[in-house]
Amino acid sequence: MIDENKNKSWLTMFHTTVKENGNLIAVICGEQKITYHELDKKSSRIAQSLIKLGIQKNDIVGILMNRSIDLIASILGIVKAGATLLPLDTTYPQERIRYILRDSKCRFLFVKKSESEEIEFDGTTIGLEDVIQGETDEMGYDVDLNSILYILYTSGSTGNPKGVMISNLAFESFIKGITSNIDFMKYQKILAVTTISFDIAFLELLVPLTRQMTVVLADTRVASNPRLLINYIKTQEVDIIQMTPTRMMLLLECVGNQDWLRSVTTILIGGESFSQKLLELLQKRKNTRIFNLYGPTEATIWVSAGDLTNESTIHIGRPFCDVQIYIVDEQGNVVPDGEIGEIYIAGNQLSSGYVNQLELTKRNFIQSGWDQKLLLYRTGDLGVVLPDGTIICKGRLDEQVKVRGYRIELNEVIQTLMKYPEIKNATVLALDGKNDTKYLIAYYVADKKLADEKIRAFLGNYLPFYMIPERFIFMSRLPETLNQKIDKKGLMEVLKEE
């Protein structure tokens, strides 16, 4: 099969749909809809207004808007203007927003004045209300592959977030990789539920627009309410959904059946460890393909996709076409297949590094010991290559903890807890105890509080004594971060209240 999109930029692919199928619905948000032709015109008006207001190529433009069709049009407009996107979540604390704007040296902030508070900002704030109306001039759709498409700020070990720079080349390589492994077909509907401050949102918002699909955008109210979201997926007859395991388990727990998934043909899971229990629940849907996605922000969203539709072993598949994955030991050597090591990533999807953090960039992006021309990103994840070439994740280096002198993987304890029939979801924290020792606390979700001794007895059938948590805390649901992952700080607050 010939790929007609080969060697075309992602923005050009969007424009091809505008020319050939402009009346196709590009985005649905609640009761509102916009066609590809209308979205193209609206984003071009935004781009030309931004240029007239002084934005030049490669300028960093922060975007702070509620989830709406205007948000997607504004993202496209900023890119068409040749600028770099700096996505900001409207629910971020003001101090975090101010820090990101300062640290990135952002010169412009694009907002919807009618819905945002005034932000303390040294640059220029531009409102969507300032955009020119009427006809627009024809715009080019080529992008400079070496320019930075977006900067995303992720958690940093210093206590402040760090900005990850992703180029247009990296993003286009990602599109080629993800669409070669997973079918994104014309006329399909894909759910967009992820905050734009989390990189997987770009799979939901931009990739579909290169494939003549329809983005079904959940507004903030729907995205934050599990029951509203379930109903939205059902009534909009969504074909593809992408979620973290935490969010997926939460939705499955909300109702007693999976009828709300009746239209869904593809489920993409990623961002956290995929449990056997979740896989078994999803495999009850016989006509749905299930993928386990893997990738750090520093390597542009996802770098591999494991098709688990008919699998019993949870793996992350093989690397995408423009990506290489190596399993490396502590001495920097590639280990033989079957041995555990740290996952290193190379290829066109790698980030250009961190904003204003040269030393951190040099520490995490290194030259390989076997090929000086090869740049590698150290993920901190552990993995192993199976004989067939597929890769299994084995947790993280920083989740290896010593308890009573024994080195253990927290993920192994979590996965074993999830085998308990009445436990729907679980996580484990390692906390500091006396004399520099650590102890384990387990949090679990169930219909009712379970007897601690029964959980301990169950775990004792699978785990040695030193891997069994000292405490078990019952919860109706695990707290989530904006990125739909388990909120560990929130769990600590629960512990303080106990």
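Start by selecting Trp10: at 1% relative accessibility it counts as buried, where buried means under 20% relative accessible area, exposed means over 50% and partly exposed is in between, using a 1.4 Å probe and protein chains only. Before you click on, note that this is a predicted model, in which local features need pLDDT of at least 70 and side-chain atom pairs count only at pLDDT 80 or more, while totals for chains, interfaces and linings use all residues. Residues are numbered from 1 along each chain as its sequence is written, and side-chain values use heavy atoms, with hydrogens and water left out.

**Stop 1: the ring next to Trp10**

What kind of pair do the rings of Trp10 and Phe171 make? Their centres are 5.6 Å apart and their planes sit at 85°, so the pair is edge-to-face. The rules here: rings of Phe, Tyr and Trp (its six-membered ring) pair if their centres lie within 6.5 Å, and planes under 30 degrees apart count as stacked, over 60 as edge-to-face and the rest as tilted. The pair links distant parts of the chain, with Trp10 in helix 1 and Phe171 in helix 5 (residues 168–181), 161 residues apart. Helices here are DSSP runs (H or I, at least four residues), as are strands (E, at least two), and both are numbered from the N terminus.

**Stop 2: helix 1 against helix 3**

Show residues 10–21 and 69–80 as cartoon. These are helix 1 and helix 3, whose axes come within 12 Å and cross at roughly 120°. That makes helix 1 oblique to helix 3. For the angle words, under 35 degrees counts as roughly parallel, over 145 as roughly antiparallel, 65 to 115 as roughly perpendicular and the rest as oblique. The axes are lines fitted to C-alpha atoms, for helices over the stretch in contact, and angles run from 0 to 180 degrees between N-to-C directions.

Now show side chains. Trp10, Leu11 and Phe14 in helix 1 meet Leu76, Val79 and Lys80 in helix 3, contact meaning heavy atoms within 4.5 Å. By class, the contact of helix 1 with helix 3 has five nonpolar, no polar and one charged residues. In that scheme Ala, Val, Leu, Ile, Met, Phe, Trp, Tyr, Cys and Pro count as nonpolar, Asp, Glu, Lys and Arg as charged, and the others, Gly among them, as polar.

**Stop 3: Asp40**

Select Asp40, which is in helix 2. Is Asp40 buried or exposed? At 7% relative accessibility, Asp40 counts as buried. Leaving aside neighbours within four places in sequence, Asp40 is in contact with Phe14, His15, Val18, Lys80 and Tyr141.

**Stop 4: two loops with positive phi**

Most residues other than glycine have a negative phi. Go to Asn58, which is not a glycine but has a positive phi of about 75°. You'll find Asn58 in the loop between helix 2 (36–52) and strand 3 (60–64), and at 47% relative accessibility it counts as partly exposed. While you're here, pick Gly82, in the loop between helix 3 and strand 4 (84–88). Gly82 touches Lys57 and Asn58, not counting residues up to four places away in sequence.

Then jump to Thr300, also not a glycine, with a positive phi of about 65°. Thr300 lies in the loop between strand 13 (289–294) and strand 14 (304–307). Thr300 is buried, with a relative accessible area of 0%.

**Stop 5: helix 8 and helix 9**

Select residues 226–235 and 245–254, which are helix 8 and helix 9, packed at an angle of about 85° with their axes 10 Å apart. That makes helix 8 roughly perpendicular to helix 9. On show are Pro226, Arg227, Leu229 and Ile230 in helix 8, meeting Arg247, Leu250, Leu251 and Cys254 in helix 9. Their contact has six nonpolar, no polar and two charged residues.

**Last stop: helix 12**

Finish on residues 410–417, which form helix 12.
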